[in-house]
Amino acid sequence: MNAMDVALICKALGDANRLEIVKMLSDGEKCGCKLLERFEITQPTLSHHMKILVECGLVNARKEGKWQHYSLNCETLTQFKEFIEGLTCCGCGSNDEGGCCS
């Protein structure tokens, strides 16, 4: 995963509503109508949030009837998690004390 992809995901997750949406999708696909019930936002606002999550690759969308159904893109999420897990505090100076390099 390149730095631009990671930056787009971080930007998408920088919004509390989008972070909560991703958390809700972690237990399976949800209809947009179910997501809308959870938040005090309008349908166009939900669509805006979902567009950002889909464009950064974290979420898949499929249309069924008049509703969109959303699910996590496990491949992208796994790559993002691997990127985050690859970050360490080693060699960063004051954080070495009691940290991973002790």
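Which pattern does the protein follow, read along the sequence? I read it as α-α-β-α-α-β-β-α, and I counted five helices and three strands. I took helices (H or I, at least four residues) and strands (E, at least two) as DSSP runs numbered from the N terminus.

I noted that this is a predicted model, in which local features need pLDDT of at least 70, side-chain atom pairs count only at pLDDT 80 or more, and totals for chains, interfaces and linings use all residues. Residues are numbered from 1 along each chain as its sequence is written, and side-chain values use heavy atoms, with hydrogens and water left out.

I looked up the sheet next. Its three strands form an open sheet, ordered β1-β3-β2, with antiparallel pairing; two strands pair if DSSP finds at least two bridges between them. β1 (30–31) and β2 (59–64) stand at the edges with a single partner strand each, so one side of each lacks a neighbour in the sheet. I then placed helix α2 (residues 16–25), which packs on the sheet and touches β1, β2 and β3; contact means heavy atoms within 4.5 Å.

I checked the pairings in turn. Two bridges connect β1 with β3 (residues 67–72), and Cys 31 stands opposite His 69 in β3. Six bridges join β2 to β3, where Glu 64 has Trp 67 as its bridge partner. In the hairpin of β2 and β3, two residues lie between the strands, and Gly 65 takes a positive phi near 65°.

Finally, I recorded that buried residues (under 20% relative accessible area, 1.4 Å probe, protein chains only) make up 29% of the 102 residues.

Key:
Axes fitted to C-alpha atoms, helices over the stretch in contact; angles between N-to-C directions. Buried < 20%, exposed > 50% of the residue type's maximum accessible area, 1.4 Å probe, protein only.
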